[in-house]
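Dear colleague,

Please find the structure below. My notes on it follow, and I would be grateful if you could read them with the coordinates open.

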Amino acid sequence: MVKQDVAVVGVGLTKMGRRYDSNHSELAWEAIKELFDKTTIWIDDVDAVVYGTMDPFDGIASPERWDSSAYGIARGAGKPLVKVTTGGTTGMSIALSAYYHVASGLYDIVLAVGTQKVTEPVEAQEVLNIAVDPLFDRHTGVGAIAVGAIQASAYYFDYNKKIEEYMAIVASKNRLNALRNPYSHLKLKVTPEEALMAPYLIWPIKLLDSCPSSDGSVAVLMASDKVARKIFDSPAWVSAVDYISDTYWFCCNKGLSFWNSLAILARRLYRKAGISDPKKQIDVFELYDAFTIQEILEYEALGLANKGEGWKLLEEEATYPYGDYPVNPSGGVLSTNPVGVTGLWRFAEAALQVMDNAGAHQVPNVDIALAHAWGGALQFHALALLSRERKLC
Amino acid sequence: MEYKGYMIIPGKWEIEYRYAAGEYATKFFKGLMEEKIYGVKCPSCRRVIVPPRKFCERCFVEPSEWIEVGPKGELVNFVIVYRKFHGLPDPPYAIGLIKLDGADDSILHFISEVDLSSPYRALKVLKPGVKLEAVWAEEKKGMILDIKYFKPIETG
Ligand SMILES: [Zn+2]
């Protein structure tokens, strides 16, 4: 039950990428400082903090112990703290938890924040490998790249033997988008032809079909309808959020060439928000595309394309920033992936688009934006809809 | 080490673990030592689940009986690793989802005895539905790698 409406009233981002110039808590401080430099309130006005990261990318178990001072938890009487971690959806779980804190009526101003340093493990894949169960699956090293490859392989056999050519278009599109985003990690002027020539990591995934390992911190301030407009006059309202969980096991029912769980979640969210035609009503999409194939699967699951036909949107350039359904104008996860805060960044980007504050990659006339993250063994999804109007319907 | 004048301090985690296999994996691994692969049947949806586990996540009930499955099966899907990752085998190697005969879902394992030097060559042999069989390790340790890998069954 939503007791009060919730809006995003501030965003703080760090430059993402190889941040060897900054330790964990300094990076946390950088996002917090940017947030409070730009808002009318201060840390002492915040009622509670929700923090998240995907342990142990950073080589520190429970980095909240180190970071918490940067979040103002230790000041004065101290603030309540909740830590969340759900793999790739961690960042969206932070956003959703902060939303629940306010929507429940328990708090009016909540800070959602995460910090992650994925460049600190010498090989990030080793961390992903220990996220797999130690009894049955770990020997194969089926970490993130392999699960993306399993989806691409399934799509290849089920729908399109030329899917690698379309994956290469996504690889190019999102890297070009990132050139206009000063916070983004990779700055690659790459053509689809070059992406197609890159070496294989895990067939059918090539080097440029895959996200980088990035460091970064994101802070988002959420407030209730009682105070939101006093803090920021044109906030981004959180119209609807939802989350879905599927089985860990790679059994036959789990959608590999079509992301069933995301499709179910999207229908649920659209119904809740009164979205009858996402293609017409949603103006921009910030999606978790750790691998190029995933953006194509997401087009289909979110209702932008029919099953097995997501790649057609790339032929029409429909998901380019100037197209009918701009997807990842920020450069997306393919350009920047500080895993545990990536979802919070998608949420923040969707809010910035709605607030007309996205900068050089701002899409014109955004009223409604959708943010997404996936996590676990392809098993978790989170969605959030942000809008300029407090009430959508 | 330094990066643009900032110091970088090396670190390492070396932590030993002992993982409890639990009731169902224990029976599964003991089966592997005798070259038998066991699944469990859900009394509600009648699915035969492999690897066996203490509950059917769909029906939310415990399984009713043990069923021997495989050692033959068919390929559901696969990928080929071409990059070297720390702590994992030297490339190229293939990882497949294998639906064992008599089972309703898939296990994840290596597919070998196939030319993986390029996807083009591998795809001449590997595709969904190809029949596979388990190749057993000579020395069994009571772990998933007692099945060394799966290989395509020679036909015709
Ligand atoms: Zn069942």
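I begin with H372(A), which touches M92(A), L262(A), E286(A), L287(A), Y288(A), E298(A), R346(A), H381(A), A382(A) and L383(A), leaving aside residues up to four places away in sequence; contact here means heavy atoms within 4.5 Å. The residue is found in strand 10 (residues 368-375) of chain A. H372(A) is buried, its relative accessible area being 0%; buried means under 20% relative accessible area, exposed over 50%, and partly exposed in between, with a 1.4 Å probe and protein chains only. Its side chain makes a polar contact of 3.0 Å with the side chain of H381(A), and a polar atom of the H372(A) side chain lies 3.2 Å from the backbone nitrogen of Y288(A). A polar contact is a pair of N or O atoms within 3.5 Å; within protein, one must be able to donate a hydrogen and the other to accept it, and residues adjacent in sequence count only if both atoms are side-chain atoms.

Please note that this is a predicted model, in which local features need pLDDT of at least 70 and side-chain atom pairs count only at pLDDT 80 or more, while totals for chains, interfaces and linings use all residues. Residues are numbered from 1 along each chain as its sequence is written, chains are lettered from A and ligands numbered from 1 in the order in which they are written, and side-chain values use heavy atoms, with hydrogens and water left out. The predictor gives the complex an ipTM of 0.96 and a pTM of 0.97. Chain B averages a pLDDT (the predictor's confidence in each residue, from 0 to 100) of 95, and 99% of its residues score at least 70.

E298(A), one of the contacts of H372(A), is also among the buried residues of helix 11 of chain A. This helix (residues 292-301) is mostly covered, with 10 of its 10 residues buried. G303(A) follows helix 11 of chain A and has a positive phi, near 85°. Helices (H or I, at least four residues) and strands (E, at least two) are DSSP runs, numbered from the N terminus.

D225(A) sits in the loop between strand 7 (215-224) and helix 8 (228-231) of chain A, and is partly exposed at 23% relative accessible area. D225(A) and D5(A) are 220 residues apart in sequence, yet 5.3 Å apart in space, C-alpha to C-alpha. The side chain of D225(A) reaches the backbone nitrogen of D5(A) at 2.7 Å and has a polar contact of 3.1 Å with the side chain of R390(A).

Strand 5 (residues 200-203) of chain A runs antiparallel to strand 6 (residues 205-206) of chain A, joined by 2 bridges; strands pair if DSSP finds at least two bridges between them. The two form a hairpin with 1 residue between them, and I202(A) stands opposite I205(A). Strand 5 of chain A also pairs, in the antiparallel sense and over 2 bridges, with strand 6 (residues 72-81) of chain B, where I80(B) is the bridge partner of W203(A).

Yours sincerely
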